[in-house]
Amino acid sequence: MRGTLAQVRSYERSVQLLMVNQFTINLGFYMLMPYLATHLAGPLGLAGWTVGLILGVRNFSQQGMFLIGGTLADRLGYKPMIIAGLLLRVAGFATLGLVESVPALIAASAATGLAGALFNPATRAYLAVDAGERRVEAFALFNVFYQAGILLGPLAGMLLTGVDFKVTCLVAAGIFALLSVVQVRALPARRGDDAEQRAAQPRTGVFAQWRGILRNRPFLLFSVAMIGSYVLTFQVYMALPLEVRRLGGEGAFGTAAVAALFAVSGLSTILFQTRVTAWCKARMEPGRALCWGLLVMGVAFVPLLVATAAPAVQGGPGRWLLAGGPPALSALLLAVGTMIAYPFEMDTIVRLSGDRLVATHYGLYNTVCGVGIALGNLLTGAALDAARSAGMSALPWLALCALGLGCAAALYGLERTGRLAPPVREARPGALTA
């Protein structure tokens with residue numbers, strides 16, 4: 001851990017602040033969101049479809065607006081979008097705790113989603129610009145802070161929600177308010193490396209910029225190929241907990257085993273992310289690292305596949321081992337696959353953008369992957385239901401393994417054909433080379 005902190009201190013102040021920001025953002029977000037559905041269905045007594053609508057609006061407003069948020073960041077600068085997103089989340093979280101009417105709750109949920117769409121692309125583009133040639137290592141550290149927030153947020157939320165969910169909302173809103181003040185005072189204003197070049201040229205319309213990005217075929221192919229990585233890693237929150245509770249029951253053991261999944265995933269990233277990235281960078285090209293990351297994610301479901309062939313155990317330590325062991329091992333392998341792929345994934349987006357309109361590229365990438373996650377989770381849920389109905393418990397794990405292997409093969413094809421290499425930028429008239 002000391003080595004990680006020493007690495008963080010080796011970057012300039014803006015990069016350090018962005019990493020702390022991401023930890024704090026995730027701390028506040030995961031302090032509240034895991035308990036929102038229970039609050040809506042319990043104390044507020046809302047119907048299941050209404051709860052689903054409110055949660056769905058948040059997800060849609062975030063995924064659907066990523067492209068807008070990235071475009072605004074490239075046009076107006078990264079700092080204004082980060083601050084605007086933080087302030088919008090202050091309003092959204094405070095409203096979630098103070099109102100009970102469905103329209104107000106929907107509006108608050110939409111605000112929290114839109115907030116993420118504003119600051120996420122801007123933060124990543126800002127980090128890529130200020131980290132410079134060290135951005136792979138910077139994104140590795142960024143993931144450490146990201147996972148630390150995810151790990152600690154629910155624990156803090158559990159304590160606060162034990163008092164009152166309103167307290168949780170107001171504390172989360174206060175965290176974002178404090179973070180907003182810090183950004184205003186301490187975060188330097190920053191624009192993309194290509195800002196001066198774009199300012200010197202005739203003003204290009206938003207739709208023209210979008211059309212240019214949509215014509216970037218390698219970037220679009222890469223975005224589609226990476227959808228599988230997000231579908232697979234999301235199963236730590238969906239398929240793996242469902243499997244734990246199916247085998248271990250809904251009691252104390254099931255709750256503890258699900259918590260262990262999150263702990264395994266978060267702690268392994270915090271402890272080993274920078275070492276994994278350094279090892280991979282020293283031994284392989286970015287495209288090859290991405291292939292290996294997706295391959296490990298696909299293989300992560302093999303322990304669950306093997307477990308389906310084990311004889312049923314009715315109770316005792318054997319049942320606990322079968323219910324908790326394979327899912328925990330799968331969560332660990334998913335974390336390892338993510339550790340391998342994530343820093344190179346973020347770097348590849350910048351390279352494929354040609355260092356132009358980086359935030360807009362991040363925004364479109366997040367939108368594509370968000371749509372893919374929604375469809376992938378829908379199909380995964382259908383596979384889980386079909387497996388239970390037909391008595392074919394191996395079906396979902398086979399499908400997820402195949403998804404990981406298929407995406408790894410797609411990335412391998414892109415890497416072999418040179419489509420993951422940065423585009424050649426046209427020389428500007430009058431430019432000098434040294």
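What follows is a short talk about helix packing and aromatic pairs.

Modeller: This is a predicted model, where local features need pLDDT of at least 70, side-chain atom pairs count only at pLDDT 80 or more, and totals for chains, interfaces and linings use all residues. Residues are numbered from 1 along each chain as its sequence is written, and side-chain values use heavy atoms, with hydrogens and water left out.

Biologist: Which residues make the contact of α1 and α8?

Modeller: Thr4, Gln7 and Val8 of α1 meet Leu141, Val144 and Phe145 of α8. Contact means heavy atoms within 4.5 Å.

Biologist: What makes α5 and α19 roughly antiparallel?

Modeller: The axes of helix α5 (residues 66-76) and helix α19 (residues 358-390) cross at roughly 175 degrees. That is over 145, so the two helices are roughly antiparallel to each other. Their axes come within 7 Å. Phe66 and Leu67 of α5 are among the residues in contact, as are Val358 and Ala359 of α19.

Biologist: How many aromatic pairs does the structure hold?

Modeller: The structure holds twelve aromatic pairs. Rings of Phe, Tyr and Trp (its six-membered ring) pair if their centres lie within 6.5 Å; planes under 30 degrees apart count as stacked, over 60 as edge-to-face and the rest as tilted.

Biologist: Why is the pair of Tyr78 and Tyr126 called tilted?

Modeller: The ring centres of Tyr78 and Tyr126 are 6.0 Å apart and the planes are at 45 degrees, so the pair is tilted. Tyr78 lies in helix α6 and Tyr126 in helix α7, 48 residues apart.

Biologist: How do you know that Tyr78 is buried?

Modeller: Buried means under 20% relative accessible area, exposed over 50%, partly exposed in between (1.4 Å probe, protein chains only). Tyr78 has 1%, so Tyr78 is buried. Tyr126 has 0%, so Tyr126 counts as buried too.

Biologist: What makes the pair of Phe139 and Tyr342 edge-to-face?

Modeller: Their planes are at 85 degrees, so the pair is edge-to-face, with the ring centres 6.5 Å apart. Phe139 sits in helix α8 and Tyr342 in helix α18, 203 residues apart. Both are buried.

Key: Helices (H or I, at least four residues) and strands (E, at least two) are DSSP runs, numbered from the N terminus. Axes are lines fitted to C-alpha atoms, for helices over the stretch in contact, and angles run from 0 to 180 degrees between N-to-C directions. Angles under 35 degrees count as roughly parallel, over 145 as roughly antiparallel, 65 to 115 as roughly perpendicular and the rest as oblique.
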